[in-house]
Structure formats: C-alpha cells, structure tokens
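Student: Please look closely at one part of this model for me. I would like the pocket, and then the side-chain packing that goes with the rest of the fold.

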Amino acid sequence: ADGCLLLYPQPEWQPIRGVRPVAVLRAGVWKIRERWEAALDRETTAILGPHVAGFHELDEPVVQAELHAAGPVVVAAAWFAPTGAPIVLAPDTRRLTHQGRTVAWVVPPGSRWSGPTDQGQALEVDGLLLRGCHDLVTALERFLPADCLGFAAGPVDQVPAGSIVLGDPARFDRASSETVLGKPATAAESRRMLEQLSGREHRVL
C-alpha cells in the first residue's frame with residue numbers, strides 16, 4: 001500500500017502514563033499497532049504525541065512529539081483496536097469510523113494532517129474502542145479466540161521444533177518432533193503433564 005501509518009497520541013492512561021505508548025500494548029495476541037498494520041497493510045513509522053517523548057525500544061517505532069504529518073499517510077488512533085481484517089480504502093476515503101466516531105484519518109498525497117477532524121468521506125470499520133487499561137481485558141476476551149486460531153493456522157515454523165503444545169491436537173499441524181498435549185482427563189494425568197513440562201521450554205496456545 002502507498003504511504004505509511006502513524007499512531008495518533010493516546011490518552012494518558014494510568015498506570016502507564018509517561019512510561020509506554022498505548023499503541024505498543026496488546027489487545028488480544030497482537031499489539032494495537034500490529035492490528036492497525038495488519039488491517040491497512042502498512043508499517044508504522046512513528047507514534048505521534050509528547051506523552052512519552054523519551055520512550056525508545058529497538059523493535060518499536062520512534063515517538064514524534066509534533067502532531068502533524070504529510071501525505072500520503074494514514075493517522076490511526078491508538079485508542080482503537082481494529083479486528084485486523086483487511087480495510088480497503090476507496091480513493092475518496094478520508095476517515096475511518098467506528099460507531100460514528102472517527103478512529104483514523106486518510107491523508108492523500110500533497111495534503112497535510114494537523115489534527116483530528118470529522119470532515120471528509122468516512123468508511124465504517126469493525127473493532128473495539130479503548131477507554132482505559134481495563135478495556136485491554138475486554139479486548140482479550142473479544143480478540144483472543146480468533147487470534148489464536150489465526151496463529152495455529154500459520155506456518156509450521158511459528159512454533160519451534162521440540163516445543164510442547166497444550167490444547168486440542170486436532171487444531172494443530174506441527175512437525176513430528178513436537179509433543180502435543182491435550183486437555184488432561186484426570187488429576188493424575190495433569191500431574192504427569194506438569195512433570196513432563198517441568199524444566200522444558202513450552203508454549204501455551
């Protein structure tokens with residue numbers, strides 16, 4: 001897709017105020033930033049806003065204090081978590097909305113974005129509005145089942161060889177070197193599984 005993706009500044013949620021951008025928190029399996037990237041097929045180049053100006057991690061976008069951007073770019077709200085389903089932008093789309101509230105702004109080439117607006121052609125998208133850290137729990141309940149199914153259906157190398165997988169074996173197609181543990185039927189079977197897992201690297205899906 002043409003253009004990049006910027007994450008609009010988040011409200012100053014406690015207890016992470018001044019510590020971490022909301023965009024790098026997880027809503028389900030994926031970070032809010034990653035959900036936007038998957039939906040729009042764009043990479044995040046910056047997180048906008050002065051809230052966490054000193055934040056820096058090697059695998060996260062830079063923080064940009066200035067609240068303006070030149071197109072082509074999509075400026076997406078960090079306080080909204082899209083489902084991750086593809087969002088197809090029409091040539092005249094200028095905003096993305098959820099339940100009538102603008103959650104992203106589409107800035108065409110030659111234009112500049114200098115702050116939120118409710119003007120322009122809108123496209124309604126599915127997802128979850130985040131009003132505070134407590135809504136990350138709501139996001140977990142909303143997104144986790146589909147996220148896990150998507151992860152399980154991914155390439156074999158997503159789970160390292162030799163891993164022990166807890167869950168329904170019918171939902172996994174992994175290399176024969178891996179051990180898949182289903183749901184234990186008895187307390188004795190639970191103990192045997194825990195003994196098998198003890199001291200070994202494993203993932204729970």
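Tutor: By class, the lining of the largest pocket has ten nonpolar, one polar and three charged residues (Ala, Val, Leu, Ile, Met, Phe, Trp, Tyr, Cys and Pro count as nonpolar; Asp, Glu, Lys and Arg as charged; the others, Gly among them, as polar). This is a predicted model, where local features need pLDDT of at least 70, side-chain atom pairs count only at pLDDT 80 or more, and totals for chains, interfaces and linings use all residues. Residues are numbered from 1 along each chain as its sequence is written, and side-chain values use heavy atoms, without hydrogens and water.

The largest pocket holds about 150 Å³ of space (an open set of 1 Å grid points where a 1.4 Å probe fits, with protein on both sides within 12 Å along at least five of seven lines; lining residues have an atom within 4 Å of a point). Its lining has 14 residues, and R42, V106, V107, P108 and P109 are the closest to the centre. Strand 7 and strand 10 each give two or more residues to this lining (strands are DSSP E runs of at least two residues, helices H or I runs of at least four).

Now the packing. The largest nonpolar core has 36 residues (buried Ala, Val, Leu, Ile, Met, Phe, Trp, Tyr and Cys joined through side-chain atoms within 4.5 Å; buried means under 20% relative accessible area with a 1.4 Å probe). W36, F80, L96, V103 and L130 touch the most other members. Strand 7 (73-77) and strand 10 (101-107) are among the elements that give two or more residues to this core. Helix 1 gives the largest share, four residues. Apart from this core lies another, of nine residues, including A69, V73, W105 and W113.

Take F80. Beyond its neighbours within four places in sequence, its contacts (heavy atoms within 4.5 Å) include I32, W36, V103 and L130.

The structure holds two aromatic pairs (ring centres within 6.5 Å, using the six-membered ring of Trp; planes under 30 degrees apart are stacked, over 60 edge-to-face, the rest tilted). W36 and F80 have ring centres 5.8 Å apart and planes at 55°, so this pair is tilted. W36 lies in helix 1 and F80 in strand 8, so the pair ties together parts 44 residues apart in sequence. W36 and F80 are both buried. The rings of W105 and W113 have centres 5.7 Å apart and planes at 50°, so that pair is tilted too. W105 and W113 are buried.

Terms used
Buried < 20%, exposed > 50% of the residue type's maximum accessible area, 1.4 Å probe, protein only. Points joined across faces, edges and corners; volume = space filled by probe spheres on them.
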